[in-house]
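Welcome, and please take a moment to look over the sequence and the structure below. The report that follows walks through a few of its features.

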Amino acid sequence: MLSEKQQNSLTLSRRAFLKGLTGTAAGIGLSQIFNPTLISAMTKGLETHPVLWIQGQGCTGCSVSLLNSVEPTIKKILLEIISLQYHPTVMASEGETALENMYRVAKEYKGKFSLAVEGAIPMAADGKYCISGELNHKEITMLEMTKELGEMAGSVLALGTCASYGGIPAAKGNLTEATSVSGVFKKFGIKTPVVNIPGCPPHPDWIVGSIAHLLTKGIPEVDENGRPLLFFGENIHENCPYLEYFDQDIFSATFTQKKGCRMEIGCKGPDVYADCFKRRWNNGMNWCVENAVCIGCVEPGFPDASSPFYEKA
Ligand code: FSX
Ligand code: SF4
Ligand code: SF4
């Protein structure tokens, strides 16, 4: 549980976040009302390594997950870890002003800034299924934005399973040709390194930890699916507290039956690599297997390979 003080600091920082997340140039005129500490931290961060966050086909769950970060608090993240200069959902700035600032930062920090991509990128119909903004009366598709900013960035973080592997938008059917960041880069010969941080949504620690690693030690070591080994190096099943039941052939028939491995009701843990078993979710309150089953949300084949979720694989 959060103490009252922690909750206040979260509330306050979210407010400061909403007010302050417009970057320097876009903030001109609004800067008088900003918290001076926030401005100075953002300016300091901007000098070194700004982050631009763009969104395509997703549910915004990745952003919400980041906002739920408890330790470090979102306040600490924004003041001390990331210099987030563009974020379509939570920034106060909007429209052309915000986009102009984003492109200004990208040009000024070419090769240095990190691009965070949330959601898949639709490739059908020249990318027209997802318009990410408009500049000088011209629509900019998510595809164009990903290509242009992706080429200019020093590194790219594909946040969530949609950006990492296609995820739900790329599930069976996929009329929009929803594609991952690395899929787009491969198709257009873009060489910027991509770090995948899957999860539908990704755990806030995976996002913050990967960004912090990037800023302090460079690109983290990744597995064959492009995920940082730091968070995705261990198998769920091999580390599951229910493994003893599996070994004794004791299986749960319902979600409420606590004594028993969850495989018969759909757990995909044996095929899944992530540290949820020890990191747990919601500030350590619980995790999927304790409540239901692991549906393999961090794996490249999700969701088709995990479907039906609640039936034995
Ligand atoms: Fe995808 Fe982000 Fe799943 Fe949602 O937007 S990873 S649909 S939880 O949150 O992209
Ligand atoms: Fe493996 Fe899932 Fe059973 Fe845990 S509940 S032992 S992860 S199959
Ligand atoms: Fe995803 Fe499985 Fe972790 Fe739940 S336990 S978040 S379904 S990888």
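## Around ligand 1

Let us begin with a close contact: an oxygen atom of ligand 1 lies 2.9 Å from a backbone N or O atom of G61. This is a polar contact, meaning a pair of N or O atoms within 3.5 Å; within protein, one must be able to donate a hydrogen and the other to accept it, and residues adjacent in sequence count only if both atoms are side-chain atoms. The model is predicted: local features need pLDDT of at least 70 and side-chain atom pairs count only at pLDDT 80 or more, while totals for chains, interfaces and linings use all residues. Residues are numbered from 1 along each chain as its sequence is written, chains are lettered from A and ligands numbered from 1 in the order in which they are written, and side-chain values use heavy atoms, with hydrogens and water left out.

C59 also takes part, with a polar backbone atom 3.0 Å from an oxygen atom of ligand 1. From E118, an N or O atom in the side chain is 2.8 Å from an oxygen atom of the ligand. The elements giving two or more residues to the shell around ligand 1 are α4 and α8 (160-165), and α8 gives the most, with three residues. Helices (H or I, at least four residues) and strands (E, at least two) are DSSP runs, numbered from the N terminus. In total, 13 residues surround ligand 1, and C59, C62, E118, C162 and C200 are the closest; a residue is near a molecule or strand if one of its heavy atoms lies within 4 Å of it.

What classes of residue make up the shell around ligand 1? There are five nonpolar, seven polar and one charged residues. Here Ala, Val, Leu, Ile, Met, Phe, Trp, Tyr, Cys and Pro count as nonpolar, Asp, Glu, Lys and Arg as charged, and the others, Gly among them, as polar.

G56 sits in the loop between β1 (50-55) and α4 (61-67). Although G56 and G119 are 63 residues apart in sequence, their C-alpha atoms are 4.6 Å apart in space. Not counting residues up to four places away in sequence, G56 touches E118, G119, A120, C130 and M142, where contact means heavy atoms within 4.5 Å.

T60 is found in the loop between β1 and α4 as well. T60 is not a glycine, yet its phi is positive, at about 70°.

## Two cis peptide bonds

Most residues other than glycine have a negative phi, and most peptide bonds are trans. The bond joining C200 and P201 is cis, with omega about 5°. P201 lies in the loop between β9 (194-197) and α10 (204-217).

A cis peptide bond also runs from S307 to P308, with omega near -10°. P308 belongs to the segment after α14 (288-291).

## How helices pack

The axes of α6 (residues 95-108) and α7 (residues 142-152) come within 9 Å and cross at roughly 30°. Therefore α6 is roughly parallel to α7, a label used for angles under 35 degrees, with over 145 roughly antiparallel, 65 to 115 roughly perpendicular and the rest oblique. Axes are lines fitted to C-alpha atoms, for helices over the stretch in contact, and angles run from 0 to 180 degrees between N-to-C directions. L99, M102, Y103, A106 and K107 in α6 meet M145, E148, L149 and M152 in α7. By class, this contact has seven nonpolar, no polar and two charged residues.

α7 also packs with α9 (residues 181-188), at an angle of about 75° and with the axes 11 Å apart. That angle is why α7 counts as roughly perpendicular to α9. In this pair, L143, T146, K147 and G150 of α7 meet V184, F185 and F188 of α9.
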